[in-house]
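Subject: Structure handover

Hello,

I am passing on the structure we spoke about, together with some notes on what was found in it. Please look it over below before reading on.

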There are 2 protein chains.
Amino acid sequence: MTVTLADVARRARVHPGTASKALNPATRHRVAPDTVRRIVRAAQALGYEPNSLARGLRTRRSRTVGVLIPDLANPLFPPIVRGIEQVLGAADHLALLADTDNDADREERLVAMLLGRRSDGFIVATARREHPLLDRLADAGTPLVLLNRVSDHPRHSSVTGDDAEGVLDAVRHLAALGHRRIAHLAGPQDLSTGHLRHRAFLDAVDRLGLDRGDCPVLPGTTYSTEAGRSGAHAALSLHPRPTAVLAGNDLMALGVLDALTEAGLHCPRDLSVIGFNDMPMLDRMATPLTTIRTPQHEIGAESARLMLRILDGLPEPLHIRLPCRLIVRASTAAVGQPG
Amino acid sequence: MTVTLADVARRARVHPGTASKALNPATRHRVAPDTVRRIVRAAQALGYEPNSLARGLRTRRSRTVGVLIPDLANPLFPPIVRGIEQVLGAADHLALLADTDNDADREERLVAMLLGRRSDGFIVATARREHPLLDRLADAGTPLVLLNRVSDHPRHSSVTGDDAEGVLDAVRHLAALGHRRIAHLAGPQDLSTGHLRHRAFLDAVDRLGLDRGDCPVLPGTTYSTEAGRSGAHAALSLHPRPTAVLAGNDLMALGVLDALTEAGLHCPRDLSVIGFNDMPMLDRMATPLTTIRTPQHEIGAESARLMLRILDGLPEPLHIRLPCRLIVRASTAAVGQPG
DNA sequence: GTCCAGAAGACAAACGATTGCCGTCCATGA
DNA sequence: TCATGGACGGCAATCGTTTGTCTTCTGGAC
C-alpha cells in the first residue's frame, strides 16, 4: 500500500542504502549525479514519502518539538502557537501541542507521552519560577526553551517580552495623565511574569517619583478575569481609592472592568485600567483596553528559531528579550476627567 | 541513557518479547502472573517509557491523529481543538495540529508531512465542498472525519452543528421583532457551512411567510471581518434598506458592525445583526452580538470520539449533528425602535 | 510408566530507514 | 605495465518494538 525506500530503490535499480544516500542532501555527493537523478525520479513517480517513524528510530531525531501551553483557549496563545508552527514547519519540523490546563499532573502525563514519542525538545509556556519537572528534563539533557517565562535558575534558555520596559511605559503613561494613586493587580507570584511585573511596577513607581504608599500592590492567584474581578473589588474599597489600575494581564483587566460595572462605576472616568499582552479582539471591547502589547507571534517564532538552533548544537543558555509597546485606547484618561 | 524494553527484560530476567507481552494488557494472559508482576516492577523501577517510534513502526499505528484547521487564530477553533485533545488524550492518542492558513498548497504539504509521520487519521475542519485532497485520502483508505463541514459526497463522516435549525431560530427571532426585510451576508459558497446556511436562510424565509424579494442574499468570499464589512456596505446601499442582517459567521458580523460605524449608523437601532458560532469574548464586545451558538467544544470532542471509533473499525460514514442555540444579546432589536 | 495437553517463555523475524565499511572499477601517473 | 587512489554503490548492522512459532516442562489421565 504505502511506498517504501525499497520500492524506490527497486525501480531505480539500486540498493536501498544508495537510494537513501541519494535522497538525503547531506549524503548526496556519495552518489553519481545520474544515479541521483534516476532515484529522485523514481521517488517522485511513486510518490515516496519517507516514514518518519523508521527514520526517527534510526537517527534518534523525530524532527518534532513538544509545545506546552497552559490553555489554548486563552487568546494570548494562538498567535504564539502560529509563530512557532510557522518557523518549525519551514524547517520541516512539527509542533506537538500539549494543553496542560494549568494542571501539574496533566503536564507530567503529557510530557511523558511526548517523550515517548521522542520529541527532540520542548518549548514551555507553562513554566513556574520553581518547576521540578523542567529541572528533571534539563538534567536529562532535553533541549528546553521557556516562552514568556524565565526560570529563577538561569540555566534554561528563554524568550520573553521586555516586561519591565512595558510596565515602565504604562506607569509613565498614567503618571503623565496625572495619576498619583496607581494600584497594581499583580499576577501569580510563582510565575516569572507575575513576579517580574510586580517588581517592575515598584521600580517604575520609584523612578517616576511616585509614592509607594499611594501605589498598593494587590496579589492575584491566577491570570483570570475572576482574579481581576475580585482584586478590583478589593482595590475599590481602599481609602483613598486608587485612580488607576495596572492589571497583571488583559484577562485580569477585563475582570476589573466587570467589577467596575458591578460597582456602578465607569472606566475610565472613575478608574483608568491598563492590561498586559494586547490579546486579540481587545480593540473591539465595550471599553477598548489600553494595554502593553507583547509581540506574541514574534515570541513564538523566536522561540522556535532558538529551539532549532539549540537542536543544532548552539551552546546554551540564551535569553532573548523582545520589545513591548504601549497601546493607548479608551480605558485610560486623565485624572478626574470624563473619558 | 533512555531505558528500553531490553533493559526491563534484563532486570526481570526474561526475554524482551516476554516483557512486551507482559506490559501489554491485551497479551498479558500469555505470561504467568508472577512474571508479569516482576516485569511491571522492573519497568517502574527503571522508569520505562515505550518508544512509540519503534512501536508505531512495527504496529503501523501511531496513535496520532492529524487535525487540519484553517486558522488557529480564529477564536472559533481553540475550543474545538481543546475538545479534540481532551478526548484523544484520554484514549492515549495525540493530536497533531496543522494550521493550513486557508492555503491549499500549504495544506498539501502539511498532509504529506503528517502522513510521513504516519498519522492514523485526519480530523478536517478545512473541508471545501469539493476537495480533491480529501477524496485522495479517502481513496487511500485514510480514516477521515469532517468537522463543522460536510462534503457534497456523503462518503466522508462528519460532525457539525445543526446549522439549519440555528438559522431558522435566528430568522424567527428577527421576524418576531417585526423585521420583514432581512438580508443574509452569506459565507463562501464553496464551503458547506456557507452553502447550507444560505439554503437554510431561504428556507426559513419561506417557512416564516416572509417575501424572498425583501430578503436579499449577498455572497461573501471569505469568513472574515473584511468580507462582512464590504458586504454590509453593499447591503446598506440597497433600496429599500434591510432592517436586519444575518451574517455567515461572527467575524462577518463584526465586520458589519464596523461598516455601520463607518456609515454613521447604529446597531441595533438602524440595523439588527446576528452572527453565527458564538465565539469567545463576543459578550464583551462594544455591541454584544446576538448569535447562534454552536457547541464548539462538544463538536471537537465528538469528532475525536468518532475518529477513535472509526480507527476501531466502526463502519462508515456517520454523520453527527449537534443542536445549536440562539443567544440573544444587544445587537438585535424590534424594528424602528431604539435598541 | 507413557503419553498428551497446555502453559510459559524463548526465539527470531519483521517494520523502514540510515550509515559506516568494504569491494570493484576505472583513470591516472610513474 | 603496474601500483595508487578516488568514485561509486552494495552490504549489513542497527534503532526498539511486536508477534507468530517453537521449545520446554509440568501435571494429569490412562
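Helices and strands here are DSSP runs, helices of at least four residues and strands of at least two, and they are numbered from the N terminus. By that numbering, α2 and α4 of chain A and α2 and α4 of chain B each supply at least two residues of the surface near DNA strand D. Please keep in mind throughout that this is a predicted model.

DNA strand D

DNA strand D is surrounded by 24 residues, and the closest are T35(A), R60(A), L5(B), R55(B) and R58(B). Of the atoms of DNA strand D that come within 4 Å of the protein, sugar and phosphate account for 62%. The element that gives the most to this surface is α4(B), with four residues. Sorted by class, the residues near DNA strand D are eight nonpolar, eight polar and eight charged.

Which protein atoms approach the phosphate oxygens of DNA strand D? On chain A, a backbone N or O atom of A32(A) lies 2.9 Å from a phosphate oxygen. R55(B) uses its side chain, with a polar atom 2.7 Å from a phosphate oxygen.

DNA strand C

DNA strand C has 25 residues around it, and the closest are L5(A), R58(A), H15(B), T35(B) and R60(B). Sugar and phosphate make up 62% of the atoms of DNA strand C that come within 4 Å of the protein.

Contacts to the bases and to the phosphates both turn up for this strand. An N or O atom in the side chain of R58(A) is 2.2 Å from a base oxygen of DNA strand C. R58(B) also reaches a base, with a polar side-chain atom 3.3 Å from a base nitrogen. Two or more residues of the surface near DNA strand C come from each of α2 (16-23) and α4 (52-59) of chain A, and from each of α2 (16-23) and α4 (52-59) of chain B. The most is given by α4(A), with five residues. The class count for this surface is nine nonpolar, eight polar and eight charged residues.

Domains and a helix pair in chain A

Chain A is divided into domain 1 (5-50), domain 2 (63-161 + 296-322) and domain 3 (163-294). The centres of domain 1 and domain 3 of chain A, taken over C-alpha atoms, are separated by 61 Å.

Helix α5 (residues 77-90) and helix α12 (residues 296-311) of chain A have axes that come within 7 Å and cross at roughly 35°. The crossing of α5(A) and α12(A) is right-handed. On the α5(A) side the contact includes P79(A), I80(A), I84(A) and V87(A), and on the α12(A) side it includes H297(A), A301(A), A304(A) and L308(A). Taken by class, the contact between the two helices has eight nonpolar, six polar and two charged residues.

Backbone points to check

Most residues other than glycine have a negative phi, and most peptide bonds are trans. Where does the model depart from this? N102(A) is not a glycine, yet its phi is positive, at about 60°. N102(A) sits in the loop between β2 (94-99) and α6 (104-116) of chain A.

Chain B has cis peptide bonds to P268(B) and to P317(B). The bond from C267(B) to P268(B) has omega near 5°, and P268(B) is in the loop between α11 (250-262) and β9 (272-277) of chain B. The bond from E316(B) to P317(B) has omega near -20°, and P317(B) is in the loop between α12 (296-311) and β11 (319-322) of chain B.

Regards

Note on methods: Residues numbered from 1 in each chain as written. Chains lettered and ligands numbered in written order. Predicted model: local features only at pLDDT ≥ 70, side-chain atom pairs only at ≥ 80, totals over all residues. Heavy atoms only, no water. Near = heavy atom within 4 Å. Polar contact = N/O pair within 3.5 Å; in protein donor to acceptor, adjacent residues only side chain to side chain. Nonpolar A, V, L, I, M, F, W, Y, C, P; charged D, E, K, R; others polar. Axes fitted to C-alpha atoms, helices over the stretch in contact; angles between N-to-C directions. Left-handed = near helix turned anticlockwise from the far one by under 90°. Contact = heavy atoms within 4.5 Å. Domains from an automatic or database assignment.
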